[in-house]
Amino acid sequence: MTGATLAAFLVERGLDPRELASKVALFDLVLSPFALPRRGGLHAWWVPGRLEVLGKHTDYAGGRTLVCAVPRGFAVVARPRADGELHVVDTRRGQDVTRATSSPISASYGGWRHYVDVVASRLARNFPGAPLGADIVIASDLPRASGMSSSSALVIAIAGALTRVGALDRRTEWQENIAGPRDVAGYFACIENGMSFGSLSGDSGVGTHGGSEDHAAILTGVPGHLTAFAFVPMRAIAIVPVPDRWRFVLSPCGVPAQKTGAARDAYNRLAGGTQVLLDLCNTGARAAAPSLGAALLKSRTKTEDSAATAPDAVDRLRALVRASTIPGWSRDALEKRLDHFIDEDARIPEGVDAFRHADEERIGRLAEGSQADAETLLGNQIPETSALVRTARELGAFASSSFGAGFGGSVWALVEQDRAEAFARRWHADAFIAPPGPPVVELSATRTR
């Protein structure tokens, strides 16, 4: 097993060939600690980041999103340990963490170690007695705290490695709750946000109240394509190719999208607003709706990708909002949150159709509306993301928008293929071309002789 063979296999699975050299170097980093005599099986994975084209802050409320995996992410190598300890090394940071797999979540861990701690604790509790001792080595070429789902990718990397090492998918608890890749994505999202998944009980999670669009894109994305998902429950509603002559270019804005402290509180408040709206919706209802999307949208069947809001349900909720007296929530704030959800959710079927017909004008208009609503209704933009969007359009991108949780992060731009490299150089020093890549891939599993 070498970095070159792993990277070459990843290109065969749909990764942009221009990424080959960087992925050889990335996998060489994670393989280097395993130059010692091997103990048991050695496994390797690719875990990408996520691009959200449309669907800002809709997934956790039962809305729709349009997403894909990006060609940057985590190289991961793992092998089992017999002593019950979990040892994780981040070779790019030069940091590590060791914990007993039977330990509960500890307040002493911060940063990326907190995510490792949460994953290990949840799996040990959901699968009691499972052999979760492991050495795991990770290295990432995702920009940190950039809105490209580096946190969710880390959760998936650790959870996926421990699932493989501990053979969790052979357990009764797994088989009774998880039937396929989308269920895996849903469960790993619940590890992150702390919610229960079927009979697999939850806990405090990492502290953010997010949804599962990141995990859906990372675990089930299709190379060269975008996938439209609806949520609560998660389901794919459309898969559409990115036109051959179009290229995504991504750039971090330079301000990290943190999920701690005040930034985490602001992020969680956006999720909290949709919960307040759902509670209002369910006031006096014969049957409680499971999500804001379910409460407001017409019945979705095989035409779910084009379903629209039901006017009567929206009008009723607006009346409830305007009559509400909810501590911490003004009527204006709730109405803005409602307007954003309705408008952003409705952009998904339009976006699918625009990509399907390679309609540059239409996708440009949708991106412009999404960005404007993020600035005026969500209030999760900063001057740097807004400026980066404007600069992209000035340099000739026919569509551009910020993406991710907001309060920092990244921006995507769409340009013609033959202009992509020159555009990226002019736009931002950290910009890179990002055709949709493969989802999580287990690249190999070797055994010692």
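Guide: The discussion below takes up aromatic pairs, charges over rings and salt bridges in turn. Please bear in mind that this is a predicted model.

Visitor: How many aromatic pairs does a search of the whole structure find?

Guide: The search finds 11 aromatic pairs. To class such a pair, one looks at the angle between the ring planes, and over 60 degrees counts as edge-to-face. Trp174 and Tyr187 are edge-to-face because their planes stand at 85°, with the ring centres 6.2 Å apart. The two residues link distant parts of the chain, 13 residues apart: Trp174 belongs to helix α5 (residues 172–177) and Tyr187 to helix α6 (residues 181–193).

Visitor: Are Trp174 and Tyr187 buried or exposed?

Guide: A residue is called buried when its relative accessible area is under 20%. Trp174 has a relative accessibility of 8% and therefore counts as buried; Tyr187, at 0%, is buried also. A tilted pair is formed by Phe229 and Phe231, with 6.0 Å from centre to centre and 35° between the planes. Phe229 is buried at 1% relative accessible area, and Phe231 is buried at 2%.

Visitor: Where does the charged end of Arg269 sit?

Guide: It sits over the ring of Trp329, 3.6 Å from the ring centre. In another case, Arg72 lies over the face of Phe432, at 3.9 Å from the centre of that ring.

Visitor: How many salt bridges does the structure hold?

Guide: There are 27 salt bridges. In one of them, Asp117 is paired with Arg99, and the closest N and O atoms are 2.8 Å apart. This pair links helix α3 (residues 111–126), which holds Asp117, to strand β4 (residues 95–100), which holds Arg99. Asp117 is buried, with a relative accessible area of 1%, and Arg99 is buried at 4%.

Visitor: Which parts of the chain does the salt bridge between Glu442 and Arg164 tie together?

Guide: Glu442 lies in strand β12 (residues 441–446) and Arg164 in helix α4 (residues 150–165), so the bridge ties together parts that are 278 residues apart in sequence. The closest N and O atoms of this pair are 3.0 Å apart. Glu442 is partly exposed at 30% relative accessibility, and Arg164 is partly exposed at 32%.

Conventions
Residues numbered from 1 in each chain as written. Predicted model: local features only at pLDDT ≥ 70, side-chain atom pairs only at ≥ 80, totals over all residues. Heavy atoms only, no water. Phe/Tyr/Trp six-rings, centres within 6.5 Å; stacked < 30°, edge-to-face > 60°. Helix = DSSP H or I, 4+ residues; strand = E, 2+ residues; numbered from the N terminus. Buried < 20%, exposed > 50% of the residue type's maximum accessible area, 1.4 Å probe, protein only. Lys NZ or Arg CZ within 6 Å of the ring centre and 35° of its normal. Salt bridge = Lys/Arg side-chain N within 4 Å of Asp/Glu carboxyl O.
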